[in-house]
Amino acid sequence: MLTRNCLSLLLWVLFDGGLLTPLQPQPQQTLATEQRENVIHLPGRRSHFQRVKRGWVWNQFFVLEEYMGSEPQYVGKLHSDLDKGEGTVKYTLSGDGAGTVFTIDETTGDIHAIRSLDREEKPFYTLRAQAVDIETRKPLEPESEFIIKVQDINDNEPKFLDGPYVASVPEMSPVGAYVLQVKATDADDPTYGNSARVVYSILQGQPYFSIDPKTGVIRTALPNMDREVKEQYQVLIQAKDMGGQLGGLAGTTIVNITLTDVNDNPPRFPKSIFHLKVPESSPIGSAIGRIRAVDPDFGQNAEIEYNIVPGDGGNLFDIITDEDTQEGVIKLKKPLDFETKKAYTFKVEASNLHLDHRFHSAGPFKDTATVKISVLDVDEPPVFSKPLYTMEVYEDTPVGTIIGAVTAQDLDVGSSAVRYFIDWKSDGDSYFTIDGTEGTVATNELLDRESTAQYNFSIIASKVSNPLLTSTVNILINVLDVNEFPPEISAPYETAVCENAKPGQIIQIVSAADRDLSPAGQQFSFRLSPEAAIKPNFTVRDFRNNTAGIETRRNGYSRRQQELYFLPVVIEDSSYPVQSSTNTMTIRVCRCDSDGTILSCNVEAIFLPVGLSTGALIAILLCIIILLVIVVLYVALRRQKKKDTLMTSKEDIRDNVIHYDDEGGGEEDTQAFDIGALRNPKVIEENKIRRDIKPDSLCLPRQRAPVEDNTDLRDFIHQRLQENDVDPTAPPYDSLATYAYEGDGSVAESLSSIDSLTTETDQDFDYLTDWGPRFKVLADMFGEEESYNPDKVT
């Protein structure tokens, strides 16, 4: 071992860069000796006379783990070429574990491990060494690193980190079927020796299973292992290092193996005959018994389907599978009757739903058993002979008349008498009664078909021996009709005939209605009443199909002579006794066109022009309405104009101008001129007198004393009029600028002579004639005013 380590160290030193000086290599023998002694040489500094090794020659040391000696374990030695053995060199150590795990002799350079080491805890240590002058404390050479490796020993057994294991394999598997692979882990160094080489073996579980020593794969060792015989297996597996050699360490684990089920067993009935007892009163669809076939398989492989083999009980019974218990549940399809049949026998087949083709050769996966059912007698209620009774009775039948009977029997072995009664909930008005012993149904009230045509109630039958056992049946009674109502005309009762009608025309088809329930084939007949048959204007034609037509007998009818005709029609039915009625038809004479279309039937239309249609009448009415609307609007506008006054507001009307757009109108324009605009608005409100017409002396009362002189105003107006007459660009010649109003509240009142009513008698308006023909009307008005004023003062 030591020789091999030395050779490895020699090769590493030779090929590592910087460890040997190419110019002065050491002899091979010297290096081999040094490695054998675990010595690291530290080359010294260069001298003037020879060349020496450069730097550190670093190496790795080996130390055994788990060293148990009493003395520190020697690791190796550090030596520098500058150390001449004179005690002038001091060796220092630093790095991983320096001082705690490893120590160095400062003088000799010997390295020792002061405690036991574990490779699995730390496989190597990296340290740094240096040679220092003991006097100057200065490094003699640069610091360098080296490694101390912990050499492995077999101190760890293999371990199954994933154990214990759980596995499964189908039952009936062949030899060598894969089950599971286990794996053990050894913490020792797998690259050094056999400490980590593991070998697997089975300590418990043979001969059922085997394991591969190298891979740890577990396989079946026996064929056709049956789950129904043994389902669980516990296998003990061992892993041993050192290749399984003597002295190796071992670890164990447990593998729990379960055989999974396959459908290798058919269902089997535990007995060949099953006996069941069923009461005859069992309702349809109820479960009357259970049978079970046993299948040792598990899960879906044990699911069973049951079927009744066609035979005696195939029509009365059915069987289904209970999914929870896998039992066959027998159900009743039809009611049982002990008095009819007391026992039934049939076969039931049980088979697997999920088959495995590998086991078809073993035979059919089904089994058959016989089921015997005994029907038990039960005390049952009476049974009616019919599920529904229908009866008929004529209306107005005397009270107490028997209209039918019901029958119920006790079918049990010891039959009992039966009692009958009506369910009062269904016949609350008691229209009918029933004989409790005989079961005969009779009327208890007078019946009216027109009120109620059908009755529906229930009759209950009970056993005398056990009144609690009852049966119920429905009774349907139809009330038959008696011909008591005469037929009548259904509709309409009024029709129309054209004035230009011809004899023999059918103007209306009538039909009859009868409140009685008419039997099939009943016929109605139509005719005129005897009093109307003498010189009739109309007649009735019977079509013999329950309808008739109103036929004309004259050539034309006149509304002016007679507007309405009344035609009595007699209708008879064919029932017994025969009923008849007289119905009066109203026939109105109407005006029609040439095609027979009715235009008008109103009396007022007689006096309208002949040939005037309805559309023309509507157009005339619309025109009249439009004219009325126009007249109303015109009157309203006229009234609105009369209500309008001159300027009655308190606004200042100075500078207002009456403007005419008509040029050259002359005297005709003055007819529309309102001279009131030249007056005081306050006076206008008081007098409400128009000044554009010839003044009336009675309408102009004197209110003020005459003003002595208005020459200034007259000159002003005259000057303005001349300017407007000469100026061709002035406003229209008939316009007048007014400066008459100075406003209310003035102490001097108005200075205008135009507005002063008291001064009009003092003024001479003859000068207006000098202004030209345009002012002729104005001059005439004011010139005549003087003759109407009796109070004028000259």
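Here are some questions and answers about the predicted model shown above.

Reader: Before we start, what pLDDT do local features need here?

Author: Residues are numbered from 1 along each chain as its sequence is written, and side-chain values use heavy atoms, with hydrogens and water left out. This is a predicted model, where totals for chains, interfaces and linings use all residues, side-chain atom pairs count only at pLDDT 80 or more, and local features need pLDDT of at least 70.

Reader: OK, how many salt bridges does a search of the whole structure find?

Author: A salt bridge here is a side-chain nitrogen of Lys or Arg within 4 Å of a carboxyl oxygen of Asp or Glu. Some of them join up: R227, E228, E231 and D261 are linked in a network. Searching the whole structure gives a count of 18.

Reader: How many residues apart are E143 and R128?

Author: Their side chains meet in a salt bridge, at 3.8 Å from N to O. E143 sits in the loop between β7 (124-133) and β8 (144-151), while R128 is in strand β7. (Strands are DSSP runs of E with at least two residues, helices are runs of H or I with at least four, and both are numbered from the N terminus.) The pair links distant parts of the chain, and the separation is 15 residues.

Reader: Which strand does R588, the partner of E563, lie in?

Author: E563 and R588 form a salt bridge, with their closest N and O atoms 2.8 Å apart. E563 lies in the loop between β37 (547-552) and β38 (564-572), so the pair ties together parts that are 25 residues apart in sequence. R588 is partly exposed, at 24% relative accessible area. The strand that holds R588 is β39 (residues 580-592).

Reader: Is V348 buried or exposed?

Author: V348 lies in strand β21 (residues 343-352). Leaving aside neighbours within four places in sequence, V348 is in contact (heavy atoms within 4.5 Å) with residues including F269, I291, Y306 and I319. With 0% relative accessibility, V348 counts as buried.

Reader: How far apart in space are V348 and V309, C-alpha to C-alpha?

Author: Along the sequence, V348 and V309 are 39 residues apart. In space, their C-alpha to C-alpha distance is 5.7 Å.

Reader: In the open sheet of three strands, what is the strand order?

Author: Two strands pair if DSSP finds at least two bridges between them. β10 (178-181) and β12 (209-211) are at the edges with a single partner strand each, so one side of each has no neighbour in the sheet. Three bridges join β10 to β13 (residues 217-220), and these two strands run antiparallel. The order is β10-β13-β12.

Reader: In β13, what is the bridge partner of L180?

Author: Three bridges join β10 to strand β13 (residues 217-220). The bridge partner of L180 in β13 is I218.

Reader: Last one: which helix is the place of I618?

Author: At 47% relative accessibility, I618 counts as partly exposed. The helix is α3 (residues 614-643).

Note on methods: Buried < 20%, exposed > 50% of the residue type's maximum accessible area, 1.4 Å probe, protein only.
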